[in-house]
Amino acid sequence: MADWRDRWELVIGLEVHTHLKTESKLFSPAPVRYGEPPNHSVHEIDLALPGVLPVLNEQAVELAIRLGLAIHATVNPVSVFARKNYFYPDLPKGYQISQYEEPIVSKGWLEIEVGKGEQSERRRIGITRAHLEEDAGKSIHDDAIAGGADSAIDLNRAGVPLLEIVSEPDLRTPEEASAYLRTLRGILRAIQVSDADMEKGQFRCDANVSVRRRGETAFGTRTEIKNLNSFAHVEDAIEAEALRQIELIEDGGVVVQATMGYDPERRRTHVQRLKENADDYRYFPDPDLIELRIDPARIEAVRARLPELPEARRARFESEYGIAAADAGLLTTSRTLADFFEATARACGSPKAAANWIVRDLLRELKERDLEVEATKLTPAMLAGLIALVEGGRLTARSAAEIFPVLVSEGGDPERLMAERGLEAVSDTGAIDGLVEQVIAKHAEVVAQVRAGDDKPLNFLMGQVMKASQGKAEPGSVRSALVRKIRG
């Protein structure tokens with residue numbers, strides 16, 4: 001089915017659950033801490049003990065307003081908390097406090113970058129709503145659990161404040177879905193609404209997927225893939241589910257609305273249960289919580305405190321620093337990375353060099369080590385010092401590339417590391433002339449081509465001189481010496 005994209009179109013909508021960056025839970029004073037022993041961050045309200053009443057966390061409301069403003073949405077002056085009734089072992093009340101018909105945020109959008117290079121374009125993706133709700137606890141299935149049981153419940157996560165952000169079905173490819181998630185996560189981090197750490201379960205995605213033949217306008221029957229926690233899994237799961245639906249339809253079958261799971265090892269989706277509808281949850285306004293009313297003046301106060309958004313920062317990087325659009329996009333994927341770039345650019349005085357090192361070398365190191373920039377030992381001052389050594393001709397790019405991973409993992413002074421490793425560039429004219437003469441004597445035919453006016457072989461000769469110097473010769477001096485000695 002290699003040509004399925006020519007015949008079929010995907011319709012994708014995403015539901016993102018992100019933990020809000022609060023000190024305490026949504027309706028209780030229990031602290032929000034990650035890595036605590038099981039059931040150590042709980043309160044009587046989280047346990048649903050008789051007689052307890054929820055009290056709304058004001059900080060969570062402010063963070064929801066902040067997101068609404070950042071995604072060009074309407075922050076509704078009145079919203080209502082509802083009870084969503086369903087049973088899970090890790091949901092002590094037997095219902096979840098959420099928002100249904102009247103959410104805090106509605107009708108927004110964000111833009112994503114689609115395609116690469118000259119073929120890239122920006123597309124606007126609608127956001128239907130973003131509503132506040134509490135998270136459930138966590139079921140742990142482990143044969144090694146003390147006491148010999150094979151399942152246990154950890155309620156540390158129960159009651160942690162969530163925003164559920166629901167997109168319009170505007171996405172058409174797995175790659176667009178991934179781009180949307182990356183853009184949304186960048187916004188959440190930039191405005192400090194959420195750390196959105198996927199490894200900690202702070203940023204989880206459910207993907208609604210349907211297919212239709214090219215040219216059709218009606219939506220097909222959708223299925224929902226639950227709990228995707230990496231960008232790669234989102235792309236793979238959407239494609240796997242699309243293929244399942246296409247194969248089913250082309251074989252004469254019918255897609256049934258269902259909740260799906262994804263097996264990353266087999267790269268297959270599977271039915272978990274037939275999909276519930278909203279009426280199955282028996283939503284009704286929570287009698288313990290009054291309407292949430294937000295004064296317009298408060299919304300404007302939050303707007304005034306908003307930091308620079310990734311899209312505005314990307315445009316500023318392009319205009320102020322002369323950075324290419326693609327590089328500016330990468331540099332603004334997170335607030336910490338953008339801050340790191342600006343600090344480095346100020347320290348070294350060369351924004352383009354700073355951008356090149358971060359986009360080319362730092363992002364590669366972060367990907368290989370599965371780290372964020374703040375988790376490394378590298379500082380803007382260290383990177384600026386390394387760039388200064390290269391730009392000043394004291395360190396070749398090759399030698400700098402040897403020092404860079406050390407700075408990322410251990411930190412240190414680039415100049416000291418250069419001296420300790422004997423990597424300072426050879427700029428002594430006599431030493432370089434000697435190496436050049438050896439290479440000229442060894443490659444007479446290539447030298448003849450250069451004498452005849454062909455500059456291309458110069459790169460080969462430069463490579464030979466650099467090799468003879470163990471990468472320490474300053475490239476500009478090597479080229480000058482070759483031209484001088486070959487052409488007089």
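This is a predicted model: local features need pLDDT of at least 70, side-chain atom pairs count only at pLDDT 80 or more; totals for chains, interfaces and linings use all residues.
Good morning, colleagues. I shall begin with the helices. Helix α8, which spans residues 335-348, packs against helix α10, residues 380-391, at an angle of about 45°, and their axes lie 8 Å apart. The two helices are therefore oblique to each other. In handedness, the passage of α8 over α10 is a right-handed crossing. On the α8 side, the contact is made by F340, A343, T344, A347 and C348, while α10 contributes P380, L383, A384 and I387. By class, these residues comprise eight nonpolar and one polar, with no charged residue.

I turn now to strand β6, which covers residues 105-114 and contains S106. Is S106 buried or exposed? Its relative accessibility is 15%, so S106 counts as buried, the limit being under 20%. The side chain of S106 is joined to that of N76 by a polar contact of 3.2 Å. Beyond its neighbours within four places in sequence, S106 touches A73, T74, N76, T128 and R129.

The other residue I wish to discuss, E111, also belongs to strand β6. With a relative accessible area of 26%, E111 is partly exposed. Which residue's side chain makes a polar contact with the side chain of E111? That partner is R122, at 3.3 Å. Setting aside neighbours within four places in sequence, the contacts of E111 are R122, R123, R124, T183 and E311. Finally, E111 and I71 are 40 residues apart along the chain, and their C-alpha atoms are separated by 9.2 Å.

Thank you for your attention.

Note on methods. Residues are numbered from 1 along each chain as its sequence is written. Side-chain values use heavy atoms; hydrogens and water are left out. Axes are lines fitted to C-alpha atoms, for helices over the stretch in contact, and angles run from 0 to 180 degrees between N-to-C directions. Helices (H or I, at least four residues) and strands (E, at least two) are DSSP runs, numbered from the N terminus. Angles under 35 degrees count as roughly parallel, over 145 as roughly antiparallel, 65 to 115 as roughly perpendicular and the rest as oblique. A crossing is left-handed if the near helix is turned anticlockwise from the far one by less than a right angle, and right-handed if clockwise. Contact means heavy atoms within 4.5 Å. Ala, Val, Leu, Ile, Met, Phe, Trp, Tyr, Cys and Pro count as nonpolar, Asp, Glu, Lys and Arg as charged, and the others, Gly among them, as polar. Buried means under 20% relative accessible area, exposed over 50%, partly exposed in between (1.4 Å probe, protein chains only). A polar contact is a pair of N or O atoms within 3.5 Å; within protein, one must be able to donate a hydrogen and the other to accept it, and residues adjacent in sequence count only if both atoms are side-chain atoms.
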